[in-house]
Amino acid sequence: MNKRLAIQKDTTTEKARQRTVRSYVLRAGRVTEGQKRALEELWPVYGIEPANQPLDLASLFGNSQPVTMEIGFGNGDATWQMAKASPDRNYLGVEVHKPGVGSLLLRLEENGLENVRIASEDAVEFLEQRIPDGSLEGICIYFPDPWPKKRHHKRRIIQAPFVALMARKIRAGGLLHLATDWAPYAESMLEVMHPELDFENLSPAGDFCPKPEWRPPTKYEKRGQGLGHRVSDLVFRRVDRGA
C-alpha cells in the first residue's frame with residue numbers, strides 16, 4: 001500500500017471511529033406492563049418514526065407554535081411538566097431508552113397533553129438530519145451523563161461540534177439551557193461554551209444562572225441534591241450574527 005492510500009485509510013478509519021462514539025449507553029432496563037402498553041398503543045399518536053427527510057414541524061404538531069427540543073429526557077419528568085405548564089408551546093423529546101419513552105407516554109395520556117412528540121433515536125443524528133435549520137425556539141439538555149472518568153470525557157454530549165450543530169438549529173433569540181449536578185462537568189460546559197460566538201451567556205457573571213422557573217425538578221436532580229451535589233444551570237441565547 002502506498003503512503004497516500006495509507007493516509008486516506010487512516011483518515012476514513014478515524015472518521016468512522018468518531019461516528020461510532022455515542023454520548024449514551026443502551027443500558028438494560030425492565031419495561032413494565034404499563035410502559036409496554038404505552039409503547040404499543042400511544043407511540044402511533046406521539047412517536048416520530050425514523051426517516052431520512054427533514055420534519056415539517058408545523059405539520060407534525062398541527063400548529064405553528066414555537067418548538068423546544070429536549071435531548072435525553074430520561075423518564076420525561078421535566079418534559080410533561082413543561083408541556084402542561086406551557087400549552088402554547090410544543091415540545092419535542094428525544095430519548096433512546098424504551099422504559100423512559102414508555103413512562104413519558106403514560107404521563108402524556110394521563111394529563112391529556114397534545115403538545116409533545118417523541119423521537120427514540122440518536123439525538124445527534126436526529127438533530128442533524130430531521131430538524132430544519134433555524135426552526136427551534138430552544139434546546140434543553142438536563143442532567144446528561146457526566147461521564148466522570150477522564151477516558152470517557154469524549155462521550156460527553158456537550159462538545160464544540162455538537163454546540164455548533166445546535167446553533168444551526170436554534171433560531172436567533174432562542175435559548176440553549178443546560179443543567180447538571182456534576183460540578184466538573186458544569187465547568188467543562190462553560191469551557192466549551194465560552195468561545196462560542198453564536199451564543200451569549202445570560203449569566204451577568206459569565207458563569208451560571210439561577211434555576212429558571214420553567215425547569216421543573218426531576219428525580220435525577222433530587223437524587224443529586226440528596227448526595228450533596230450542587231445543581232448548575234447554564235442558559236445561553238442564540239445570537240443573530242447577521243444583524
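User: Why is Arg37 called partly exposed?

Analyst: Arg37 has a relative accessibility of 28%. Buried means under 20% relative accessible area, exposed means over 50%, and partly exposed is in between, with a 1.4 Å probe and protein chains only. So Arg37 counts as partly exposed. One caution: this is a predicted model, where local features need pLDDT of at least 70 and side-chain atom pairs count only at pLDDT 80 or more, while totals for chains, interfaces and linings use all residues. Residues are numbered from 1 along each chain as its sequence is written, and side-chain values use heavy atoms, with hydrogens and water left out.

User: What makes the meeting of Glu109 and Arg37 a salt bridge?

Analyst: The N to O distance between their side chains is 2.7 Å. The term needs a side-chain nitrogen of Lys or Arg within 4 Å of a carboxyl oxygen of Asp or Glu. The pair links distant parts of the chain: Glu109 is in helix α6 (residues 98-111) and Arg37 is in helix α2 (residues 33-41), 72 residues apart. Helices (H or I, at least four residues) and strands (E, at least two) are DSSP runs, numbered from the N terminus. Glu109, at a relative accessible area of 37%, is partly exposed. The structure holds ten salt bridges.

User: Why are α2 and α6 called roughly perpendicular?

Analyst: Their axes cross at roughly 80° and come within 8 Å. Axes are lines fitted to C-alpha atoms, for helices over the stretch in contact, and angles run from 0 to 180 degrees between N-to-C directions. Under 35 degrees is roughly parallel, over 145 roughly antiparallel, 65 to 115 roughly perpendicular, and the rest oblique. Therefore α2 and α6 are roughly perpendicular to each other.

User: Which residues of α2 meet α6?

Analyst: Gly34, Gln35, Arg37, Ala38 and Leu39 in α2 do. Their partners in α6 include Leu105, Leu106 and Glu109. Contact means heavy atoms within 4.5 Å.

User: How do you know whether Glu137 is buried or exposed?

Analyst: Its relative accessibility is 19%, so Glu137 counts as buried. Arg171 has a relative accessible area of 32% and is partly exposed. The side chains of Glu137 and Arg171 meet in a salt bridge, at 2.7 Å from N to O. Glu137 lies in strand β4 (residues 136-142) and Arg171 in strand β5 (residues 170-180), so the pair ties together parts 34 residues apart in sequence.

User: What makes Asp198 and Arg238 a salt bridge?

Analyst: Their closest N and O atoms are 3.6 Å apart. Asp198 counts as buried at 14% relative accessibility. Arg238 counts as buried too, at 16%.

User: Why is Thr68 called buried?

Analyst: Thr68 has 9% relative accessibility, so the label buried applies. Thr68 lies in strand β1 (residues 67-71). Leaving aside neighbours within four places in sequence, the contacts of Thr68 include Tyr91, Leu92, Glu137 and Cys140.

User: Which residues touch the most other members of the largest nonpolar core?

Analyst: Met69, Ile139 and Ile158 do, in a core of 36 residues. A nonpolar core is a set of buried Ala, Val, Leu, Ile, Met, Phe, Trp, Tyr and Cys residues joined through side-chain atoms within 4.5 Å. A second, separate core has 22 residues, including Ala38 and Trp80.
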